[in-house]
Amino acid sequence: MQQGGGSETEVTWEDQQNINKFGRLNNRFHELEDEIKIAKETNDNLEDASNELILTDEEVVRFQIGEVFAHVPKDEVENRIEQVKEVTTQKLEKLEEEKASIVAQMAELKKILYAKFNDSINLEED
């Protein structure tokens, strides 16, 4: 492997495995960021729906089930929204935990790879 300074550093099989693992973790990290963003938006939308439901005076409201709107009692809609919020919040927590784990693994791999390759490898985002 040719370095920027002109000297050679041998890339072992283990080094290549670490580089590949870092790449896979980095891809998963970006996927998680997208999933977390969607989960947060979903939670925000559910919170907005819950707030709107509080403001309504009607006892029966329209509730979308799939592609169809049904007239459902307000109490049942409130319960469904709370259930979906709980599931989404739990999913969000799991995604955040996985993201933290990946960040820690990537930091460890960066330490190992930068220790060997110095500035001849770039693992930072642009």
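Two residues are in contact when heavy atoms of one lie within 4.5 Å of heavy atoms of the other. The model described here is predicted.

Asp15 is part of helix α1, which covers residues 13–55. Leaving aside residues up to four places away in sequence, Asp15 touches Glu10, Leu113, Lys116 and Phe117. Is Asp15 buried or exposed? The relative accessible area of Asp15 is 8%, and a residue counts as buried under 20%, so Asp15 is buried.

Thr88 belongs to helix α2, which covers residues 74–117. With a relative accessible area of 11%, Thr88 is buried. Residues up to four places away in sequence again being left out, the contacts of Thr88 are Ala39, Thr42, Asn43 and Leu46.

**Salt bridges**

The model has 11 salt bridges.

| Pair | Distance, N to O |
|---|---|
| Glu98 and Arg28 | 2.9 Å |
| Glu82 and Lys85 | 3.3 Å |
| Lys111 and Glu108 | 3.5 Å |

Glu82 is partly exposed, at 35% relative accessibility, whereas Lys85 is buried, at 15%. Lys111 and Glu108 are likewise 3 residues apart in helix α2, with about one helical turn between them. Lys111 is exposed, its relative accessible area being 56%, while Glu108 is partly exposed at 41%.

Salt bridges with shared partners also join Arg28, Glu31, Glu35 and Glu98 into one network.

**Surface charge and a positive phi**

Where do negative charges gather in a patch? Asp57, Glu58, Glu59, Asp75 and Glu78 form such a patch on the surface. One of its members, Glu58, is found in the loop between α1 and β1 (60–65). Glu58 has a relative accessible area of 48%, so this residue is partly exposed.

Asn118 is found in the segment after α2. Although Asn118 is not a glycine, its phi is positive, at about 50 degrees. Asn118 is partly exposed, with a relative accessible area of 49%.

Definitions and conventions: Residues numbered from 1 in each chain as written. Predicted model: local features only at pLDDT ≥ 70, side-chain atom pairs only at ≥ 80, totals over all residues. Heavy atoms only, no water. Helix = DSSP H or I, 4+ residues; strand = E, 2+ residues; numbered from the N terminus. Buried < 20%, exposed > 50% of the residue type's maximum accessible area, 1.4 Å probe, protein only. Patch = residues over 30% accessible without salt bridge, like charges linked within 9 Å, V, L, I, M, F, W, Y side chains within 5 Å. Areas by Shrake-Rupley, 256 points an atom, 1.4 Å probe, with all protein chains shown as cover. Salt bridge = Lys/Arg side-chain N within 4 Å of Asp/Glu carboxyl O. Lys, Arg positive; Asp, Glu negative; His and termini not counted. Charge placed at Lys NZ, Arg CZ, Asp CG, Glu CD.
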